[in-house]
Amino acid sequence: MLKDMEPATMIPVTDLEKTRKFYEDVLGFTADIEDPGGISYRSGNGRFNIYPTEFAGTAQHTLIGWHTDDLEKAVDELAAKGVTFEQYDYPGLKTDAKGIAVMGQEKAAWFKDPEGNILSVWQVPGAWLRT
């Protein structure tokens, strides 16, 4: 049943207007649907929503990631817009000076929105994501 439905990522925020500016002015998204319950954005063939709640920024894991064919370029463009990438040094996961980690064939970089939600950009070689 669910496998035939389009999913949407839900991102909690406490300050809807401040966070909206980040997603629109820094990340370049345009609001698709908005109401008092939140704001919806299209991204590729998918959708994500930011919605007000007192529990924003409490997740300690990545909430959404965007696949790119050129991670270095994506990181550089976001950094030029003021995005700060996280630095990690864990067994099996260490980021470089730009915030990029190489994990086998996959590369990724993580950053936070104004609410502390963890977001990412990542790259995997090949066309495994495209169906």
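Visitor: In E4, which residue is the bridge partner of Thr-9?
Guide: Phe-48 in E4 is the bridge partner of Thr-9. This is a predicted model: local features need pLDDT of at least 70, side-chain atom pairs count only at pLDDT 80 or more, and totals for chains, interfaces and linings use all residues. Residues are numbered from 1 along each chain as its sequence is written, and side-chain values use heavy atoms, with hydrogens and water left out.

Visitor: What makes E1 and E4 a pair?
Guide: Two strands pair if DSSP finds at least two bridges between them. E1 and strand E4 (residues 46–52) have 6 bridges, so they pair. Their sense is parallel. Val-13 stands opposite Pro-52 in E4.

Visitor: How do E3 and E4 run, parallel or antiparallel?
Guide: They run antiparallel, and 5 bridges join strand E3 (residues 38–43) to E4. Ser-40 stands opposite Asn-49 in E4. E3 and E4 form a hairpin with 2 residues between them. In that turn, Gly-44 has a positive phi of about 60 degrees.

Visitor: What is the order of the strands in this open sheet of 4?
Guide: The order is E1-E4-E3-E2, and the pairing is mixed. Strand E1 (8–13) and strand E2 (31–35) each have a single partner strand, so they stand at the edges, with one side left without a neighbour in the sheet. Neighbouring strands are turned by 20 degrees against each other on average, direction ignored.

Visitor: Which open sheet has E5 and E8 in its order?
Guide: The sheet of 4 strands ordered E5-E10-E9-E8, again with mixed pairing. Strand E5 (62–67) and strand E8 (100–103) are its edge strands, since each pairs on one side only. From one strand to the next, the twist averages 30 degrees.

Visitor: How many bridges join E9 to E10?
Guide: 6 bridges join strand E9 (residues 106–112) to strand E10 (residues 118–123), and the two run antiparallel. Lys-107 stands opposite Gln-123 in E10.

Visitor: Which helix packs on the sheet, touching E8, E9 and E10?
Guide: Helix H2 (residues 71–80) does. Contact means heavy atoms within 4.5 Å. The direction of H2 makes about 15 degrees with that of E9. Axes are lines fitted to C-alpha atoms, for helices over the stretch in contact, and angles run from 0 to 180 degrees between N-to-C directions.
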